[in-house]
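User: Could you take a close look at the aromatic rings in this model for me, and then walk me through what surrounds them?

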Amino acid sequence: MAERDTSRALVYAAENQWSAALDRGGVIDFFGSRLTLPKQQYFETVELMQNYCDDVLGLDRIVASFPNTGSVLVRARAGQAKAHYEFENRTIAVPLSGTAGVPGWACCEAVLLHELAHHLLFVVADPATSAHAFHGGRFTTTMCQLVCEVLGFEAALVLQGAFQGAGVTVGSYVD
Ligand SMILES: [Zn+2]
């Protein structure tokens, strides 16, 4: 059995704070340092989210770190519930929930990168040891690594700070 996923709520809270900073983008003060955050993208359709995930999984350094990852499928899910990753069929299910022409709150890079981190970890997990908590240290480290590759080092640094501020462990993710 998997150990209890005790970090889950803390991880979500930290990522929500970080995602809000990415909605604004631009220069922020981070413990006395000036960092520049990119403004995250929102997507209006499943196809655009699929393209984004395909592009991320095809990045040279992601392929090098996570060989044999394979593709992920993005699908819409009903309602306002959170996005989730379905391990059985390697699918990211995202609530669209936007009105016409306005992307839903979950159709953004922060959410897709979270679910892609689950995908990358699931694929490399040794079945014998895959009982790690879904949102434990391996998850947060993978998420920071992914963010570093896709959104840049400063975005990863702010995410790492949010995790640590919430009391969540993050391992080394920069080589
Ligand atoms: Zn998750």
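Analyst: Happy to. Tyr85, Phe87, Phe122 and Phe134 are linked into a cluster by ring pairs. Rings of Phe, Tyr and Trp (its six-membered ring) pair here if their centres lie within 6.5 Å; planes under 30 degrees apart count as stacked, over 60 as edge-to-face and the rest as tilted. This is a predicted model, where local features need pLDDT of at least 70 and side-chain atom pairs count only at pLDDT 80 or more, while totals for chains, interfaces and linings use all residues. Residues are numbered from 1 along each chain as its sequence is written, and side-chain values use heavy atoms, with hydrogens and water left out.

Searching the whole structure gives six aromatic pairs. In one of them, the ring centres of tyrosine 85 and phenylalanine 87 are 5.0 Å apart and the planes meet at 80°, so this pair is edge-to-face. Tyrosine 85 has a relative accessible area of 7% and is buried (buried means under 20% relative accessible area, exposed over 50%, partly exposed in between, with a 1.4 Å probe and protein chains only).

Now for the nonpolar core, a set of buried Ala, Val, Leu, Ile, Met, Phe, Trp, Tyr and Cys residues joined through side-chain atoms within 4.5 Å. The largest one has 50 residues, and those touching the most other members are Trp18, Val94, Leu113, Leu116, Met143, Val147 and Phe163. Elements that each supply at least two of its residues include α1 (8–24), β2 (33–37) and α4 (109–124), and α4 gives the largest share, eight residues. Helices (H or I, at least four residues) and strands (E, at least two) are DSSP runs, numbered from the N terminus.

Leaving aside neighbours within four places in sequence, phenylalanine 163 is in contact (heavy atoms within 4.5 Å) with Val11, Ala14, Glu15, Thr140, Met143, Cys144, Val168 and Val170.

Finally, the cysteines. The count of disulfides, meaning pairs of cysteine sulfur atoms within 2.5 Å, comes to zero. For cysteine 107, the nearest cysteine sulfur is that of cysteine 108, 7.7 Å away, which is too far for a bond. Cysteine 107 is buried at a relative accessible area of 1%, and cysteine 108 is also buried, at 1% relative accessibility.
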